[in-house]
Amino acid sequence: MLRALAIATFLATPLAAQEFFTLKGHGGPIMDIAVSYDGRIATASFDNSVGVWNGDAPTWLDGHRAAVNTVAYYSNFLLASGGDDFAVNVWADDGGGAELGRHEAKVTSLDICRETGNLIASGSWDATIAVWDVGPSLGDVMVGIGNYPKRTALEGHDRGVNDIAFSSDCTTLYSASADGTIRVWDVATTSQTHVLVKHGFGVNELELNEEAGWLAYGAVDGGTRMVDLETGDPIADFTLDRRPILAMDFNVVTNQLAVGDGEGFIMVIDTKKREITRDFRATQSGPIWALAFSPAGGSIYAGGIEDILYGWPVETLTEHGQMDGAQRSFLEDPKTLPNGERQFKRKCSICHTLTAGSARKAGPSLHRLFGRKAGTVPDYAYSDILDGSEIVWSRETINALFDEGPDHYIPGTKMPMQRIVKQSDRDDLIEYLRTATVQEEN
């Protein structure tokens with residue numbers, strides 16, 4: 001909400017030319033995008049990392065133990081992130097970081113307010129919002145100096161919290177939830193003041209414009225609406241026949257609202273005229289999971305099921321083509337594949353490679369898997385539970401892994417819950433892996 005304060009510094013950044021570009025390097029889909037006041041870009045990914053981009057050169061912030069769902073700039077050089085590992089982490093953009101604290105379920109959203117205090121708020125699928133007072137210096141918190149952070153909890157939603165937003169003075173916080181409501185909270189007292197919206201379907205995204213007095217939200221059923229910030233009364237409805245709404249961003253300079261959905265469209269709304277100005281099918285397949293404007297609003301950045309961030313000039317949004325559209329292995333037509341390969345591509349390939357090198361994937365390389373002790377791929381950060389593990393990967397241990405499920409076979413692992421129920425499917429997968437993981441290095 002403070003991006004307009006730094007437009008002058010943005011004009012000197014290398015991506016200010018409003019040209020089409022891509023940023024490549026992640027090993028998994030882009031889940032969120034944050035832009036600093038001076039135009040720096042940070043990306044959160046399914047590959048468990050945050051990328052901070054200086055031009056097209058990334059600095060990787062590695063520390064999460066599962067997919068990173070959300071990232072937000074605290075200042076031009078400090079960030080916060082939240083992930084499927086339940087953790088809220090804070091970072092310097094040169095790579096140093098620390099865990100701020102944890103929820104009881106995955107962290108889905110962050111917002112930061114520094115007007116009257118240094119506050120970081122995190123929303124989680126544990127149905128709570130945590131407000132972290134980090135005191136006079138986030139840097140001190142990162143190295144363990146002082147009595148901060150101080151955490152308070154906002155409780156009242158019936159289901160997971162999907163998005164949150166502070167008022168500009170930090171006194172009020174708005175939250176959107178899978179329970180179909182948008183609620184308003186008094187930060188100082190941690191009490192809910194009222195329910196602003198009862199939508200019926202889960203609400204995924206929200207954006208505020210306090211000066212104009214509205215809140216915009218996007219929901220699971222495709223609802224895209226603008227309501228009065230005080231009363232919740234309807235102002236405008238931009239709902240199209242596409243669902244769900246998965247991403248939103250508002251630019252205070254141009255008064256444009258961008259909306260991304262599960263069918264791969266980016267809709268741009270002129271919020272003053274209350275009209276849709278652009279509606280672009282940005283992907284050939286798959287959703288738009290992340291959207292962010294450049295500080296001056298001239299460009300829109302998007303991420304989806306690919307490992308790539310795309311940046312389009314808003315004025316020529318439809319003139320540069322869609323996202324590349326290279327088919328992800330886990331989306332291939334299962335009818336075209338032998339069963340073992342089908343099991344791997346649909347259930348394993350988003351996290352693992354078969355060739356040497358883990359390639360920034362969410363899981364380690366499976367190259368030369370058979371006979372290897374678990375937890376020993378040198379370029380991958382394993383869960384602590386695998387340190388010194390006696391498991392050796394074989395037909396029997398791989399079968400047990402997918403028969404029982406990783407959460408039971410290796411309690412505490414960050415490998416997602418995944419069972420392959422049929423013995424024939426497990427046998428076919430094991431045979432495929434036995435052949436595919438012994439290929440020679442190039």
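Me: Are F280 and W312 buried or exposed, and what makes a residue one or the other?
Reply: Both F280 and W312 are buried. Buried means a relative accessible area under 20%, exposed means over 50%, and partly exposed covers what lies in between, with a 1.4 Å probe and protein chains only. This is a predicted model, in which local features need pLDDT of at least 70 and side-chain atom pairs count only at pLDDT 80 or more, while totals for chains, interfaces and linings use all residues. Residues are numbered from 1 along each chain as its sequence is written, and side-chain values use heavy atoms, with hydrogens and water left out.

Me: How many aromatic pairs does a search of the whole structure find, and why is that of F280 and W312 called edge-to-face?
Reply: The search finds nine aromatic pairs. F280 and W312 have ring centres 5.6 Å apart, with 85 degrees between the planes. Rings of Phe, Tyr and Trp (its six-membered ring) pair if their centres lie within 6.5 Å; planes under 30 degrees apart count as stacked, over 60 as edge-to-face and the rest as tilted. The two values of F280 and W312 therefore give an edge-to-face pair.

Me: What does the pair of F280 and W312 tie together?
Reply: F280 belongs to strand β25 (residues 275-281) and W312 to strand β28 (residues 308-313), so their pair joins parts that are 32 residues apart in sequence. Strands (E, at least two residues) and helices (H or I, at least four) are DSSP runs, numbered from the N terminus. Ring pairs also link F280 and W312 with F20 and Y310 into a cluster.

Me: How do you know what span to expect of helix α6?
Reply: The expected span is 1.5 Å times one less than the number of residues. Helix α6 (residues 423-436) has 14 residues, and its 20 Å from first to last C-alpha is close to the 20 Å expected.

Me: Why are the buried residues of α6 said to lie on the same side?
Reply: The buried residues of α6 are D425, R426, L429, I430, L433 and A436. They cover an arc of only 140 degrees around the axis, which puts them on the same side of α6; the arc is that of the directions from the helix axis to the C-beta atoms. These residues pack against α3 (339-347) and α4 (395-404), where contact means heavy atoms within 4.5 Å.

Me: Why is the link of C113 and C170 called a disulfide?
Reply: A disulfide is a pair of cysteine sulfur atoms within 2.5 Å. The sulfur atoms of C113 and C170 are 2.0 Å apart, and the count by this rule comes to one disulfide. The link is left-handed, with -90 degrees about the S-S bond. C113 lies in strand β10 (residues 107-113) and C170 in the loop between β14 (161-166) and β15 (172-177), so the pair ties together parts 57 residues apart in sequence. Both C113 and C170 are buried.

Me: How do you know that C348 is in no disulfide?
Reply: The nearest cysteine sulfur to that of C348 belongs to C351 and is 8.5 Å away. C348 counts as buried because its relative accessibility is 7%. C351 is likewise in no disulfide, with the sulfur of C348 as its nearest at 8.5 Å. At 11% relative accessibility, C351 also counts as buried.

Me: Why does R274 count as partly exposed?
Reply: R274 has 35% relative accessibility and therefore counts as partly exposed. Its phi is near 60 degrees, a positive value in a residue other than glycine. R274 is found in the loop between β24 (265-270) and β25.
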